[in-house]
Amino acid sequence: MAIVTTSNKACSVNPLKMSQPIGGSFAFLGLRGAMPLLHGPQGCTSFGLTLFVRHFNEAVPMQTTAMSEVATVLGGHENLEQAILNLYNRVEPEIIGINSTGVTETNGDDVEAFIRLIRQKHPKLEKLPLVYVSTPDFKDAFQDGWGKTVARMIEVLVAPVDAARPRDTSRVNVLPGCHLTPGDLDELRTIFEDFGLKPSFLPDLAGSLDGHIPDEFTPTTIGGIGVDEIATMGQVAWTVAIGAQMRRAAEAMQVRTGTPFRLFDRLCGLIPNDEFIAFLSQISGRSVPWKYRRQRGQLADAMLDAHFHIGGRKLAIGAEPDLLFDLSSLLHEMGAKVSAAVTTTNSPVLQRVRTEDVLIGDLEDLEELARSRDCDLLMSHSHGRQAASRLNVPFFRVGFPMFDRLGAAHLTTAGYRGTRDLIFDIANLIITDRETNHGPTPDTWRSTCGGPQVHPPQVH
Amino acid sequence: MTSLPTTIQDVFNEPGCARNASKSNVERKNGCTKQLKPGGVAGGCAFDGAKVALQPFTDVAHLVHGPIACEGNSWDNRGSASSGSDLWRRSFTTDMSETDIVFGGEKRLYRAVKEITEKYDPQAIFVYQTCVPAMIGDDIDMVCKAASAKFGKPVIPINAPGFVGSKNLGNKLAGEALLEHVIGTGEPDYTTAYDINIIGEYNLSGELWQVKPLLDELGIRILSCISGDGKYREVAYSHRAKAAMMVCSKAMINVARKMRQRYGIPFFEGSFYGIEDSSDSLRQIARMLIERGAPAELMERTQALIAREETKAWAAIERFKPRFAAKRVVLITGGVKSWSIVAALQEAGLEIVGTSVKKSTKKDKERIKELMGQDAHMIEDMSPREIYKMLKDAKADIMLSGGKSQFVALKAAMPWLDINQERCHAYMGYIGIVKLMEEIEKALYNPIWDQLRQPAPWDEFDRKRQATTVAQMYAQAADPVRDASKNGVNTISSCNESEASGGESAIAAHGPNLAKPAGPCTNSTARCVACKDIRSDLQPPALQAAE
């Protein structure tokens, strides 16, 4: 059981953390025809937008209420009203997802009340769903913003259940954490469908940010789950939540509609996937398709082939709690030692990370720990690249943001197949490092503290 | 020390700004405070602008005082290059918590400065104010003053919280901070008659180093570059330069003008993008230095160097001419930068069919007409949707723009090249312009475009099927007898088009002369029970005949 501590530095150096509001906007990006709107100064949106664009290499819709200093003094009602009306008239979104920021929270804007007033004044907005989530910058982190936002979507958008109607046993709600990529969601969708189940992903980033080419340029998201589909999610037999951050949303669904849920802490690794597949077999009443029996074998074989390389590695990992738990567990199970673990925010899974201590801190902390504990593999999002090059250890990029490599959206770690590929990628990185940096020389094993070297006399 | 509102007013009233000068008195009074339209903006804030302008100072610790959003969401995202310290690439922020908001963040800020001093011992610390601490009244000027006295090192307040305005305003406020706290606080070891400042150049992708060897060859010393590959000490003694070149005029004109006013350093607005502009700039530098006392022979050497470099560059561009014949370019960028490369693009044989004039003044527009002819398509403020349509309709062969519009071009299967800050290639000076031509050629002639512009094979099936369905409708309408014999079923299938596609795709797969019914291939009957009865109506003649 890991001890969780918080860094007590006044100055965060090389932050690992990103802010809560953009985690919220990220969730709204998984809805069809959506326009995420940050209630705050324009910079809040601009920074988040740049981050998403660089990670996905996609045009990303995101707007701002453009709070100026004067507007902040006067309160944000008017700016919010203008923003909603402008978006309604100009881009015709199917939904506007609003997250608060540090400025409007410090100001104490009562946004729910603003929305009621705006709706009263403009009856034409009656049909336009507006979901508001409180996400101050100065509390919590990215994945918290995501979790809170999905929970709020459920509270606002899922229609009350008709108790007389039977639940649709062929459908499943899936609530994925923000550490899952569009590639992961596609993989999971296939798995659900192979069991004859029809999954509704909330949010569905695979529909909107998987990098497809639209026929026409749209100013809102170009795919994802529709508001109409979300409304029907209460009538479904099961909810599957992935990652502890989704517990809040799964519980919100249960409270609102009585839908039972099963939370999977992780879907990367052999045993977690065994549990997942067994669960699907159980709720679908179908036997496990041949394909997955075979994939399980492939994963087992990958573990056999890779354990030579991964076993014994001293791992330093910096990631948000659910991703940290996911990856550290897998590598622990592969024989690596999790020597340094740094995360962004508190979570119940942190105590269960297979290491001695988890620090809520920054990448400077991770770098220091990795150096003092002699780690030889570093994992984090792209910002860890500087630390890795200073430490001169192999660096595996994972999570968000990944702005200096391509294909971040399709990095797949879920399911037997995703785990198998991840294991190969990590093992190959280690092999490359060994070949490039650790080739043997005549002096590699020469003792430096032994006696003087004896040179035999030369014989002609 | 002046208050922030006074500074902002002062910055807006910029006599050196052409745009400001062209305004009427009433307009000028309103300043550049363009009211931002909620729900309709996408630009950065003042803090963003200040950080962009100053972050290229390499040996300074840049400390952002605010909640995690301001720095955590934005650090490590610019491609400036450093020849020395990498301190500027590290990120420092107070990451204010709820407790700090309640009790004030000044103490935390002070402790942060202390930690940085102890751990990294930088030449100086720049402290950036952001919205939330500005709202709760954290006085960063006082904290910086106290910390500076205590730790014996410059701790400079950069007062540009995001909500005071745009990115551009932030650039200028950053300049004001330099003028107030840094410039003139140090002395160089020695001065020469060939010392210049370059203002508003950020050394993105190291592009300054495409030009620096030429200056070195002429014996011209960059005393201080604000701020690309800059060092704190150099800015502090930059007031000893003999002349200055202002590169990105919109960003730091206040710095250049006030340095002229205070220290008598003449400046000109120039650019190293494009051949002619590079030559003009070199000549201007030489002329100004000579006016300030440098030997006149500098001009001869400069002219000789220009002649040599121009010949080389034009010769290098020559080989692109046949490749670029009849190729059309759209330039979407912030006005100023585009002119300087227009000449080079035209010389290489490219036709400029449009350029953005969103940030250009009236004078700018006249110059564009002069350069590109009366027919030049000036794009005032085109929505992404319109640009996309324009590109899809193939009115151009390549688009050059900043990163924001890249996906508009790429998704239209249109070659695109980044010519703004985030790009990863350097395009400055005589070498840079040739590099730009190379990149354009690579983009234009990449084989992917041919493949990507081909529709997926099923698009063709879909079109054929639609045509057949329509033909069927007409046939029915024209033959009421046959229509009646079908018991009045004259509507097209009520299920969606994919149902009807079965027969059609079977034709496409097997060719039109089917020997036997396409039943096994279609499996369409399983999909739609309701429409089964009228299906025969929808089947193309070949199929009906086969049945």
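Reader: Where should I start with chain A, and how many helices and strands does it have?

Author: Start with the overall make-up. Chain A of this predicted model comes to 17 helices and 15 strands. Along the principal axes, its C-alpha atoms fill a box of roughly 105 × 60 × 45 Å.

Reader: What does the radius of gyration of chain A agree with?

Author: The idea is to set the value beside the one for a compact globule. For 460 residues that would be near 23 Å, and chain A has 25 Å, which agrees. Buried residues make up 57% of chain A. Among its contacts with a separation of 6 or more, 73% link residues 24 or more positions apart.

Reader: How do I read a helix, and which residues of α6(A) are buried?

Author: Look for the sides of the helix. In α6(A), residues 111-121, the buried ones are Val111(A), Phe114(A), Ile115(A) and Ile118(A). They sit on the same side of α6(A) because they cover an arc of only 100° around the axis. The face turned away from that side carries the exposed residues Glu112(A), Ala113(A), Arg116(A) and Gln120(A).

Reader: What do the buried residues of α6(A) pack against?

Author: Their partners are β3 (34-39), α4 (77-90), β5 (95-100) and β6 (130-133), which belong to chain A.

Reader: Now for the two chains together. How many residues of chain B are in contact with chain A?

Author: There are 52 from chain B, in contact with 51 residues of chain A. On the chain B side, α7(B) gives the largest share, 5 residues. That side divides into 26 nonpolar, 13 polar and 13 charged residues.

Reader: Which strands are joined between the chains, and how do they run?

Author: For paired strands, check the bridges and the direction. Strand β2 of chain A, residues 12-13, is joined to β2(B) by 2 bridges, and the two run antiparallel. Val13(A) has Phe92(B) as its bridge partner.

Reader: Is α4(B) largely enclosed or open, and why?

Author: Count its buried residues. In α4(B) they are 9 of the 9, so this helix is largely enclosed by the rest of the structure. Among them are Phe47(B), Asp48(B), Lys51(B) and Leu54(B).

Reader: Which residues touch the most other members of the largest nonpolar core?

Author: In that core of 271 residues, they are Leu63(B), Val127(B) and Ala244(B). Helix α21 of chain B, residues 429-444, gives the most to this core, with 7 residues. Leaving aside neighbours within four places in sequence, the contacts of Leu63(B) include Cys11(A), Phe92(B), Ile116(B) and Val127(B).

Note on methods. Residues numbered from 1 in each chain as written. Chains lettered and ligands numbered in written order. Predicted model: local features only at pLDDT ≥ 70, side-chain atom pairs only at ≥ 80, totals over all residues. Buried ≥ 20, exposed ≤ 12 C-beta atoms within 10 Å, placed from the backbone. Helix = DSSP H or I, 4+ residues; strand = E, 2+ residues; numbered from the N terminus. Arc of directions from axis to C-beta. Contact = placed C-beta atoms within 7 Å. Nonpolar A, V, L, I, M, F, W, Y, C, P; charged D, E, K, R; others polar. Pairing = 2+ DSSP bridges. Rg over C-alpha atoms; globule rule 2.2 N^0.38 Å. Core = buried A, V, L, I, M, F, W, Y, C linked by C-beta atoms within 7 Å.
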